[in-house]
Amino acid sequence: MKAMLLAFVAMGLVAVGADLALDQIGFSSSDRGSSGDVRLDDG
Amino acid sequence: MVRRLLALFLVLSLGTGAFAQEGFTPSDPDRSATGGAQTLEDIMARQEQMRVDDSFRSDLTGDPDAAAPTTDQLGTRGGASDPDLWRGLRYDTADVTTQARGPAATTLIQDGGMRWVAFREGPVAVYGGYLLLATIALLALFYVIRGRIRIDGAKTGRTITRFQAVERFGHWLLAGSFILLGITGLISLFGRKAIAAFQSADNPENYERAREVYATLALGSKWIHNNVSWAFMIALVLIFVMWVWHNLPDRTDIKWLAQGGGIFTKHHPPAKKFNAGQKLIFWSVIVLGGSISASGLSLLFPFELPMFAVTFDKINALGIPGWFGFSPLDTALAPHEEMQYAQLWHAIVSFVLMAIIIAHIYIGSVGMEGAYDAMGSGEVEEQWAREHHSIWAEEVLAEKNAPPSAQATPAE
């Protein structure tokens, strides 16, 4: 049971870590489809 | 697109050429009556949603070399007319320069989008949904017929360690992430259809509320799907490294399969740490999970990891489409087309793996007494181990019961 809970916690940490890491390296999937000039979402 | 995807699926799944070719017009239709332009047959075929060979149009994008010089009478200023240019844009062959810098920026028109949406919301969603429902129904039927697979012999009250903590950690990391990815994937695929159920002229407020709820849910699902995928991929590598050795096929698997795993009998065929059924699950997870991860990475990094044109090229080189009566697969794919194929492949393979995993969850929980303990506490009833994994149990018990002198060499 402990291994299961630990795995779920690790899953959350990996997910948050991945989000932050991709953000840090400046990757944005929306940039791949259109430039910021034509998007309304991020000014 | 449908044709290519079906061909690819057939090829990769080593299926038979069961799909008829009724969706295609002859590869070399006679267009002499129209001077090479589209014929009545083309129009009729298109109306029947068949794919039409429109090279007579796609190749007609102007030829500067054929243009009459401007010094001549009726000379032109180039070899491409406006219709030629529009055809070039339509078929993504025009020489386009854009200020935007993106991998797909110079593709101004891509006409595969509607075919992709239709296939995604049609066959993929419909057959995928039926596959999951049918799997659940079959398992329910199996439960009614067979009941819970009990431990046949008398329980010993003793347990043996089936999986170490690190193995259970890897399993649950994979399981937890896959379940979350499955649920969020299904929300993305079926969510819009689900809120349509609230659409009613009598009560538009209900629909608006459902739409708002779904918008939040979809956004959250997307975040979870994109980011939890990394945990899934890490866990996939982890379980592969830990268990691949135990999942290599051997002679006991043939006996196990020949006896149907003893599912309908009281006789349990001998098995090592993993029986043939578990090995099939393992390799399904590795192969299908690997394929889902590859297409998922392609979707996570749009246009960066195109893989279908390359795959089609390899398949064509082997002449595989011809085995099934298909013409070579198109290898000139627009960036968006690559993404559309990746999404469809991702969804189709995920549905297959979800069906397999539902069966795995069943047998590991309500379907078999004592099975959950293997991944719960890691300790299983000795009698359970003797019945379901007799060879492995004997090895473990022999090691456990061996005299101390045989287990370790004392220091001298």
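**Figure 1. The largest nonpolar core of this predicted model contains 67 residues.** A nonpolar core is a set of buried Ala, Val, Leu, Ile, Met, Phe, Trp, Tyr and Cys residues joined through side-chain atoms within 4.5 Å. Buried means under 20% relative accessible area, exposed over 50%, and partly exposed in between, with a 1.4 Å probe and protein chains only. B:Leu173 and B:Val285 have the most contacts inside the core. Helix H12 of chain B, residues 335–364, gives the most to this core, with twelve residues. Helices (H or I, at least four residues) and strands (E, at least two) are DSSP runs, numbered from the N terminus. In soluble globular proteins, nonpolar side chains tend to be buried together. The model is predicted: local features need pLDDT of at least 70, side-chain atom pairs count only at pLDDT 80 or more, and totals for chains, interfaces and linings use all residues. Residues are numbered from 1 along each chain as its sequence is written, chains are lettered from A and ligands numbered from 1 in the order in which they are written, and side-chain values use heavy atoms, with hydrogens and water left out.

**Figure 2. Surroundings of B:Val285.** Contact means heavy atoms within 4.5 Å. With neighbours within four places in sequence left aside, B:Val285 touches B:Leu174, B:Leu236, B:Ile239, B:Gly290, B:Leu353 and B:Ile357.

**Figure 3. B:Ser177 in helix H6 of chain B.** B:Ser177 has a relative accessible area of 0% and is therefore buried. A polar atom of its side chain lies 3.0 Å from the backbone oxygen of B:Leu174. Leaving aside neighbours within four places in sequence, B:Ser177 is in contact with A:Met11 of the other chain, and with B:Trp172, B:Val228, B:Ala231 and B:Phe232.

**Figure 4. The interface of chain B and chain A.** Chain B contributes 22 residues to the contact and chain A contributes 18 residues. The buried area, which is the accessible area (1.4 Å probe) that two parts lose on being put together, summed over both, is about 1,700 Å², with 74% given by carbon and sulfur atoms. In chain B, the residues that lose the most area to chain A are B:Phe169, B:Trp172 and B:Trp223, together 26% of what that side buries. Three residue pairs, both residues at pLDDT 80 or more, are in polar contact between the chains; such a contact is a pair of N or O atoms within 3.5 Å, where within protein one must be able to donate a hydrogen and the other to accept it, and residues adjacent in sequence count only if both atoms are side-chain atoms. On the side of chain B that touches chain A, helices H6 (165–196), H7 (204–243) and H13 (371–376) each supply at least two residues. The largest share, eight residues, comes from H6(B).

Figure 5. Most residues other than glycine have a negative phi. B:Asp92 counts as partly exposed because its relative accessibility is 31%. At 17% relative accessibility, B:Phe303 counts as buried.
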